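Please open the model in your viewer and keep the selection tool at hand. This tour moves from one stop to the next, saying at each what to select and what can be found there.

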Amino acid sequence: MIRLHVIPPVERYAALASLVAGLGLLGIKFVAYWMTDSPAIFADAVESIVNVMAAVFALWALSIAHTPADEDHPYGHGKAEFLSAGFEGGMILIAAVMILIRTIDLVFFHEIVPGRLDTGVVLLAIAMVINLGLGFVLVRVGKSRRSLTLEADGHHLLSDAVTSVAVLISLFVVLWTGWRWADPLAAALVSVYIAYMGMRLIRQSTAGLMDKQDAHDGQVLVAILDSHVGPGGKEPHICSYHKLRHRHSGRFHWVDFHVLVPRHLDVAAGHHIASEIEHEMEVTLGEGNATAHVEPCDGAGCGRCGQS
C-alpha cells in the first residue's frame, strides 16, 4: 500500500509528477507508433511503459523508506529505495529484450513500410522535451534529498530523452534519404543502450543491498577522525581510531568506529568525546546514525597522552 502522507511534500510532488508525465508520454508515443508503424518509435514507447511502472514503484518505495523505524526494523526502512532502483533496472532489461524481439520480427518477417513519419517526429519531439525537463528536475531533487529512488527515476527519464534523440535522428534519415533500414537499426541500438542503463541500476541497487561502502563517505569520515587525532588536532582530542565501518540504508547512513582516549579519563569524559565526534559525522553526512566505541589508550608513544 502506498501511503503518500508519509512522503515529504517535495519528494511526493516530484514522484507524482513523474507518474502523471509518464502516463501522458506513454499515450503520446503509442499514438505516434500507431500512426507510423516505426520500430524505433515502438522501442521508445515500450521504454515509456517501464517509466510508468517505475514511477508507481518509486511512490511505494518512498512511502516505505520514510516509515519510521520500528521493533522489527530498528535500522529503518531505507533499503526500500535500493529495491526500487533494482526493480526499475530489471524492467528496463525486460523492455530491451522486448524491443529487440520486435525489431527482429519486423526486419525478418515483415516488410518495413513507414507511415506518417512527419507527425511521428513532432509527437516524439514533444515527448523528448518533457522527459528532458522532468528528468533534470528529478535528478536535482533526488540529489538534494539524497533519494536514490528519485535520482534513478530522473536518470532513467534523461536516458529516455537520449533514446528519443536517437529515434528522431533515424526518422529524419528515413525522411531525407528514404533508407528504411535506419529505423530498425535505431531500434536495435536503443535496446542495447537501455539494457546498459538497466544493468547499471541493478549494480547500484545490489551494491546498496550488500552494504558496499561508499568511497566518498569513507574519505569524509576519515577526514573527520583525522582532524581530532593528537594534540595538534581540534577539540575534542583523541589518541587514535580504528575499525571504521559505514554503510547506506537508502539515504540513511550508519557508521560505527572505535576511538582511543587517555586511560585516565572517566566514563563521562570519554562519552562526551565520542558524542561530539558522532554528532559531527551525522551533521556532515546528513540523515543517519554514528556510534563510537571508546577504548583506553596504552600511552606508548602517544602524543596525545603525553600532553595530558
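A residue counts as buried when its relative accessible area is under 20%, and as exposed when that area is over 50%. Keep in mind throughout that this is a predicted model.

**First stop: a tryptophan in a strand**

Select tryptophan 254, which has its place in strand β2, residues 252–262. Is tryptophan 254 buried or exposed? Its relative accessible area is 18%, and therefore tryptophan 254 is buried.

**Second stop: the cavity**

Keep Trp254 and Asn289 selected, as both belong to the lining of the largest cavity, together with His253, Val255, Met281, Glu282, Leu285, Gly286, Glu287, Gly288 and Ala290. This cavity holds about 40 Å³ of space, and the structure has one cavity of 30 Å³ or more. If you colour by element, you will see that β2, α8 and β3 (288–297) each give at least two residues to the lining of the largest cavity. Coloured by class instead, that lining shows five nonpolar, four polar and two charged residues.

Next, select Gln204, Asp214, Asp217, His248 and Gly250, which, among the 23 residues that line the largest pocket, lie nearest its centre. The volume of the largest pocket is about 570 Å³. Which helix supplies the largest share of its lining? That helix is α7, with four residues, and the elements that each supply at least two lining residues are α4 (117–145), α5 (148–177), α6, α7 (215–226) and α8 (267–285). By class, the lining of the largest pocket divides into six nonpolar, 10 polar and seven charged residues.

**Last stop: two packed helices**

Finally, show helix α2, residues 39–65, beside helix α6, residues 182–209, and look along the place where they pack, with their axes 7 Å apart and at an angle of about 25 degrees. Angles under 35 degrees count as roughly parallel, and α2 and α6 are therefore roughly parallel to each other. To see the contact itself, select Pro39, Ala40, Ala43 and Glu47 in α2, which meet Asp183, Pro184, Ala186, Ala187, Val190 and Ile194 in α6. By class, this contact of α2 with α6 has eight nonpolar residues, two charged residues and no polar ones.

How values were computed:
Residues are numbered from 1 along each chain as its sequence is written. This is a predicted model: local features need pLDDT of at least 70, side-chain atom pairs count only at pLDDT 80 or more; totals for chains, interfaces and linings use all residues. Side-chain values use heavy atoms; hydrogens and water are left out. Axes are lines fitted to C-alpha atoms, for helices over the stretch in contact, and angles run from 0 to 180 degrees between N-to-C directions. Angles under 35 degrees count as roughly parallel, over 145 as roughly antiparallel, 65 to 115 as roughly perpendicular and the rest as oblique. Contact means heavy atoms within 4.5 Å. Ala, Val, Leu, Ile, Met, Phe, Trp, Tyr, Cys and Pro count as nonpolar, Asp, Glu, Lys and Arg as charged, and the others, Gly among them, as polar. Buried means under 20% relative accessible area, exposed over 50%, partly exposed in between (1.4 Å probe, protein chains only). On a 1 Å grid over the protein atoms alone, a cavity is a set of points where a 1.4 Å probe fits but cannot get out, and a pocket is an open set with protein on both sides within 12 Å along at least five of seven lines; lining residues have an atom within 4 Å of a point. Grid points are joined across faces, edges and corners, and a volume is the space filled by probe spheres set on the points.
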